[in-house]
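Reader: I've got the sequence and the structure open on my screen. Can you walk me through it, one question at a time?

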Amino acid sequence: MEVVVLPGSGAMGTAAADAVEALLHDKPDAVLGLATGSSPLPVYDELARRHTSERLEFSSASAFTLDEYVGLSAGHPQSYREVIRREFTNRVDIDPDRVHGPDGGATDIPAACAAYERAMVSAGGVDLQLLGVGTDGHLAFNEPTSSLASRTRIKTLTEQTRKDNARFFDHPDEVPGHVITQGLGTIMEARHVILLAAGGQKAEAVRDLVEGPVAARCPASLLQFHSHATILVDEAAASALKLADYYRYTYDHKPAWQGL
Ligand code: GLP
């Protein structure tokens with residue numbers, strides 16, 4: 001696990017966008033794993049800017065989103081399908097037919113989850129997965145005590161997550177109670193994961209995921225078992241890390257050729 005403490009969201013967005021750009025340079029038909037929430041927005045802004053100003057191309061790439069609310073009407077502005085379209089995929093030249101998300105409107109949810117897993121496998125698996133983290137340590141919508149081996153399935157949100165996400169809806173009661181999410185086992189199969197966390201409200205979750213025990217109580221701590229996990233944090237999110245100076249020293253002395 002590499003922890004990189006950066007001055008703010010702009011620098012985090014640039015660092016993650018550099019990794020996406022390097023991947024697309026080596027593999028134009030890369031499979032990107034896209035996350036919703038506010039954490040990845042600086043990455044999407046920077047990638048959209050590079051697409052417009054520097055001709056960074058996504059025309060051969062494909063993408064899979066992490067999760068989706070169950071029961072929102074098709075086209076609901078807060079469905080993650082719409083959010084990802086608005087915040088990222090509509091702003092670059094990725095083929096909309098190659099942007100996939102779990103089907104929150106499926107009548108047979110287990111079948112839809114199994115189909116989603118199969119689609120990821122037939123696309124060759126995710127090359128680079130962007131992630132945020134919930135204040136309770138959740139990853140995608142894998143809430144605390146999720147099986148560390150879980151696959152795509154339906155989950156019930158905690159009251160805390162519904163509260164955290166209420167800001168995106170007109171009324172807190174509108175936040176669905178159920179979601180479909182890639183499992184922790186699914187996310188672990190991505191070849192590189194980049195998790196972004198900014199702000200003091202994420203400090204405890206970041207401490208637990210980086211320096212705590214690997215435990216289903218903090219689903220994101222499973223990333224300690226990933227062979228290529230990058231954790232990008234700002235100073236506030238890093239404020240509870242005991243080894244922050246070591247992470248800073250390591251990053252400052254990293255060979256330039258290494259990348260993230
Ligand atoms: C939601 C998403 C997660 C995201 C989390 C944190 O619950 N399902 O993928 O990581 O929110 O969101 P934010 O980045 O807005 O803090």
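Author: Helices (H or I, at least four residues) and strands (E, at least two) are DSSP runs, numbered from the N terminus. Keep in mind that this is a predicted model, where local features need pLDDT of at least 70, side-chain atom pairs count only at pLDDT 80 or more, and totals for chains, interfaces and linings use all residues. Residues are numbered from 1 along each chain as its sequence is written, and side-chain values use heavy atoms, with hydrogens and water left out.

Reader: How far apart are the end C-alpha atoms of H2, and what span should its residues give?

Author: The expected span of a helix is 1.5 Å times one less than its number of residues. H2 covers residues 41-54, which is 14 residues, so it should span 20 Å. That agrees with the model, where the end C-alpha atoms are 19 Å apart.

Reader: Which elements do the buried residues of H2 pack against?

Author: Buried means under 20% relative accessible area, exposed over 50%, and partly exposed in between (1.4 Å probe, protein chains only). By that cut-off the buried residues of H2 are Val 43, Tyr 44, Glu 46, Leu 47, Ala 48 and Arg 50. Contact means heavy atoms within 4.5 Å. The partners are helix H1 (9-26), strand E2 (31-34), helix H3 (80-87), strand E6 (128-131) and strand E9 (192-197).

Reader: Which element supplies the largest share of the lining of the largest cavity?

Author: On a 1 Å grid over the protein atoms alone, a cavity is a set of points where a 1.4 Å probe fits but cannot get out, a pocket is an open set with protein on both sides within 12 Å along at least five of seven lines, and lining residues have an atom within 4 Å of a point. The search of the whole structure finds 1 cavity of 30 Å³ or more. Val 20, Leu 32, Gly 33, Leu 34, Leu 47, Leu 128 and Leu 130 line the largest cavity. The largest share, 3 residues, comes from E2.

Reader: And the largest pocket: which residues are closest to its centre?

Author: About 500 Å³ of space lies in that pocket, a volume being the space filled by probe spheres set on the points, with grid points joined across faces, edges and corners. Of the 29 residues that line the pocket, the closest to its centre are Gly 37, Ser 38, Ser 39, Val 133 and Lys 202.

Reader: Is Ala 140 buried or exposed?

Author: Ala 140 is found in the loop between E6 and strand E7 (153-156). Although it is not a glycine, Ala 140 has a positive phi of about 55°. Its relative accessibility is 11%, so Ala 140 counts as buried.

Reader: What about Thr 145, buried or exposed?

Author: Thr 145 also has a positive phi, about 80°, although it is not a glycine, and it lies in the loop between E6 and E7. With a relative accessible area of 62%, Thr 145 is exposed.
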